[in-house]
Amino acid sequence: MKRVRFAPSPTGSLHVGNALSAVANRRLGDWMLLRIDDTDPARNVAVGEAEILRDLEWLGIGWDEGPVRQSERQARYREAADRLGARFDGITLVRDDGTATYHLASVVDDLDFGITHVVRGNDHRPNEALHRRLFEALGARPPQFVHHGLLLGPDGKKLSKRAEGATVASLRDAGIPGEAVRAYLEELGLPRHDVRLDLPRIRRLSSA
């Protein structure tokens, strides 16, 4: 069984690039965990989780367990940190206030929930080597890491959340059906390289 997870941070409506990861995970996985990566309070938005749930439901993406919130698993992370130390290979695992950083929390969760495949954007590729070492230090076999290209703006630059069509909410507010957005993301699959957001294609799918 392929066990996957979709792990957005509660920062508001999903960026379409994150939605691409959600679709890719759902297609690959036999079982999917929805995890809320809320270890960084400075980035969290009060209604962020609710917006993510609404976006996923609108896109027709279901999950088998969750939402699991990392903020509620701090005791487990500290237990793991006691085996590894507050720093690992020069990377901080535990902040001064005792809370876990992204690297520790992510690996411990993937270990505890038996995640077999980690599917995420290429922006996370630099984390793979560290995460593999953390799994091994905890006595576990690392999952299979699958990275896909990012969704860029029509100009080929990073797609800002403020840009037209950059968030699921903006597409929904524009009257585009969730089925059309889902179909577009399904078409992209797991792109090996970065791709440009094609709003005209989404609009064509909405009238198909």
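Two strands pair if DSSP finds at least two bridges between them. In this predicted model, an open sheet of 3 strands has the order 1-2-3, and its pairing is parallel. The largest nonpolar core holds 29 residues, and another core, of 24 residues, lies apart from it. Helix 3 and helix 4 come within 10 Å of each other, axis to axis.

**Sheet**

- The edges of the sheet are formed by strand 1 (3-6) and strand 3 (65-69), each of which pairs on one side only.
- From one strand to the next, the twist averages 25 degrees.
- Strand 1 pairs with strand 2 (residues 31-36) in the parallel sense, over 4 bridges.
- Val-4 has Met-32 of strand 2 opposite to it.
- Strands of a sheet pair through backbone hydrogen bonds, in either a parallel or an antiparallel arrangement.
- Helix 1 (residues 16-28) lies across strand 1 and strand 2, and its direction makes an angle of about 165 degrees with strand 1.

- Strand 2 is largely enclosed by the rest of the structure, because 6 of its 6 residues are buried.
- Trp-31, Leu-33 and Arg-35 are buried on one side of strand 2, and Met-32, Leu-34 and Ile-36 are buried on the other, so that both faces are covered.
- Asn-25 is a residue of helix 1, and its relative accessibility of 0% makes it count as buried.
- Beyond its neighbours within four places in sequence, Asn-25 is in contact with Val-4, Arg-5, Met-32 and Val-119.
- Thr-39 belongs to the loop between strand 2 and helix 2; with a relative accessible area of 9%, Thr-39 is buried.
- The contacts of Thr-39, leaving aside neighbours within four places in sequence, are Gln-70, Gln-74, Arg-95, Ala-100, Thr-101, Tyr-102 and Ala-105.

**Nonpolar cores**

- In soluble globular proteins, nonpolar side chains tend to be buried together.
- Within the largest nonpolar core, of 29 residues, Leu-56, Leu-185 and Leu-197 touch the most other members.
- At least two residues of this core come from each of strand 1, helix 1, strand 2, helix 2 (48-59), helix 6 (168-173), helix 7 (178-188) and helix 8 (199-206).
- Helix 1 gives the most to this core, namely 5 residues.
- Leu-185 touches Val-16, Ala-19, Leu-20, Val-23 and Leu-151, when residues up to four places away in sequence are not counted.
- The other core, of 24 residues, lies apart and includes Val-68, Tyr-77, Phe-88 and Val-94.

**Helix 3 and helix 4**

- Two packed helices are described by the angle and the distance between their axes.
- The axes of helix 3 (residues 74-84) and helix 4 (residues 102-112) cross at roughly 105 degrees.
- Angles of 65 to 115 degrees count as roughly perpendicular, and helix 3 and helix 4 are therefore roughly perpendicular to each other.
- On the side of helix 3, the contact is made by Arg-76, Tyr-77, Ala-80, Ala-81 and Leu-84.

**Backbone exceptions**

- Most residues other than glycine have a negative phi, and most peptide bonds are trans.
- The peptide bond from Gly-66 to Pro-67 is cis, with omega near 5 degrees, and Pro-67 is part of strand 3.
- Asp-89 is not a glycine, but has a positive phi of about 50 degrees.
- Asp-89 is placed in the loop between strand 4 (87-88) and strand 5 (91-92).

**Arg-201**

- Arg-201 is located in helix 8.
- Its relative accessibility is 25%, so Arg-201 counts as partly exposed.
- Not counting residues up to four places away in sequence, Arg-201 touches Tyr-184 and Glu-187.
- Arg-201 and Ala-180 are separated by 21 residues in sequence and by 9.3 Å in space, C-alpha to C-alpha.

How values were computed. Residues numbered from 1 in each chain as written. Predicted model: local features only at pLDDT ≥ 70, side-chain atom pairs only at ≥ 80, totals over all residues. Heavy atoms only, no water. Axes fitted to C-alpha atoms, helices over the stretch in contact; angles between N-to-C directions. Parallel < 35°, antiparallel > 145°, perpendicular 65-115°, else oblique. Contact = heavy atoms within 4.5 Å. Core = buried A, V, L, I, M, F, W, Y, C linked by side-chain atoms within 4.5 Å. Buried < 20%, exposed > 50% of the residue type's maximum accessible area, 1.4 Å probe, protein only.
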